[in-house]
Amino acid sequence: MKNATLRQLKVFEAVARHLSFSRAAEELHLTQPAVSTQIKTLESHVGLALFEQLGKKVYLTQGGAELLYHSRAIIGQFVEAEEALAHFKGIAGGRLNVAVISAGDYFFPHLLVEFARRHPGVKLNLTVHNREELLGELSNNLTDLAIMVRPPHDLDTRNESFAPHPYVIVAAPTHRLATRKRISMEALVKEAFVVREKGSDTWHSMQDGFGQYMRELNIAMEIRSTETIKQAIIAGMGIGFLSAHTIGQELKTGALVVLPVQGFPLMLNWYVVHRIDKRLPPVARAFKEFLLADGARLIGDLIPAPTPATQGNLDS
């Protein structure tokens, strides 16, 4: 072990967290062969196999599970050292580590650019995740701040809302409901839906929006990618429940329309979240204050509120 490097431990931790060499490579911006080489080198230092593959699935060995525990402790110590030293650099010399759920990647880079414009010299590190991955980033202390819709209930975190987050029902303009003036929930649940996967932030938000009707929902397909969902809806495979912040371009071009459904838009909020025991570096504290002060206005400027057709009597 004495010849193992921090880089090898970080690569190992990523593979162990995803149980996938390809997903770890994507996260680390490496090629899959480069990840495999790092793991093989680490295994030679350890003298044990760290992973085993059964069929197409990758599993940690017992030795790998033990090393994962110690690797996270070592990585955590380095992160704490970096954060402690960042206090001496102040905002300009600091690195902002922020993670966001996938719906946020449609506007969040613009917020980062504006923050960097106000604070020259700041280094930015943005990662995009689904809900499960984002909670892992928080619990494993791998990010300073997390941007999400539903703060965790089983982690000791500080959660502050900074902007509204509307969810809407969308369809292709050729869909038979696209010309309705107002649509009842009873009529809506009969339609085929293309939706995000169970466990995602969007899925939980959908449960809020549909309430008792969730059990009656006709779910034709679950897809992990919002972009793929939009293309499926445009192609006529069904209608969808999506964040209004993900469909701005499609509304501008007319590829999608917002349906005037009873009870929608569903208005939730964006939250900036961090662990209570996290000692935020100055740059993270400054970015949090930036979001609380200006986040809602900047998002509103980028993505105007959706405007469905004028509501009239309920169509069923």
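This is a predicted model: local features need pLDDT of at least 70, side-chain atom pairs count only at pLDDT 80 or more; totals for chains, interfaces and linings use all residues.
View 1. Helix H1 gives the largest share, seven residues.

**View 2. One cavity sits in the structure.** The model holds one cavity of 30 Å³ or more. The largest cavity has a volume of about 50 Å³. Look for Ile101, Ser102 and Ala103, which are among the residues of its lining. Asn130 and Arg131 also line the cavity. So do Arg196, Ser200, Asp201 and Thr202. By class, the lining has two nonpolar, four polar and three charged residues.

**View 3. Aspartate 201 belongs to the cavity lining and to a helix.** Aspartate 201 is one of the residues that line the largest cavity. It lies in helix H8, residues 201–210. Is aspartate 201 buried or exposed? Its relative accessible area is 4%, under the 20% cut-off, so aspartate 201 counts as buried. Its side chain makes a polar contact of 2.8 Å with the side chain of arginine 131. Arginine 131 is also part of the cavity lining. A polar atom of the aspartate 201 side chain lies 3.2 Å from the backbone nitrogen of valine 149. Beyond its neighbours within four places in sequence, aspartate 201 is in contact with Ile101, Arg131, Met148, Val149 and Arg150.

**View 4. Histidine 165 is in a strand.** Histidine 165 lies in strand S6, residues 157–171. Its relative accessible area is 0%, under the 20% cut-off, so histidine 165 is buried. Which side chain makes a polar contact with that of histidine 165? The partner is serine 243, at 2.6 Å. Leave aside the neighbours within four places in sequence, and histidine 165 is in contact with Ala103, Val149, Ser243 and His245, among others. The contacts also include the run Leu266, Met267, Leu268, Asn269 and Trp270.

**View 5. Aromatic rings pair up.** How many aromatic pairs does the count give? The count comes to 13. One of them joins phenylalanine 107 and phenylalanine 108. Their ring centres lie 6.2 Å apart, with 65° between the planes. The pair is edge-to-face because that angle is over 60 degrees. Phenylalanine 107 is buried, with a relative accessible area of 0%. Phenylalanine 108 is also buried, at 0%. Both belong to one aromatic cluster, which also holds Phe115, Trp270, Phe287 and Phe290. Trp270 is also a contact of histidine 165.

**View 6. Phenylalanine 108 has partners from elsewhere in the sequence.** Phenylalanine 108 is found in helix H5, residues 108–118. Neighbours within four places in sequence are left out here. The remaining contacts of phenylalanine 108 are Val98, Val100, Leu126, Ile147, Phe287 and Leu291. Of these, Phe287 is also a member of the aromatic cluster. Now compare sequence and space for phenylalanine 108 and leucine 298. They are 190 residues apart in sequence. In space, their C-alpha atoms are 10.0 Å apart.

Terms used
Residues are numbered from 1 along each chain as its sequence is written. Side-chain values use heavy atoms; hydrogens and water are left out. Helices (H or I, at least four residues) and strands (E, at least two) are DSSP runs, numbered from the N terminus. Buried means under 20% relative accessible area, exposed over 50%, partly exposed in between (1.4 Å probe, protein chains only). A polar contact is a pair of N or O atoms within 3.5 Å; within protein, one must be able to donate a hydrogen and the other to accept it, and residues adjacent in sequence count only if both atoms are side-chain atoms. Contact means heavy atoms within 4.5 Å. Rings of Phe, Tyr and Trp (its six-membered ring) pair if their centres lie within 6.5 Å; planes under 30 degrees apart count as stacked, over 60 as edge-to-face and the rest as tilted. On a 1 Å grid over the protein atoms alone, a cavity is a set of points where a 1.4 Å probe fits but cannot get out, and a pocket is an open set with protein on both sides within 12 Å along at least five of seven lines; lining residues have an atom within 4 Å of a point. Grid points are joined across faces, edges and corners, and a volume is the space filled by probe spheres set on the points. Ala, Val, Leu, Ile, Met, Phe, Trp, Tyr, Cys and Pro count as nonpolar, Asp, Glu, Lys and Arg as charged, and the others, Gly among them, as polar.
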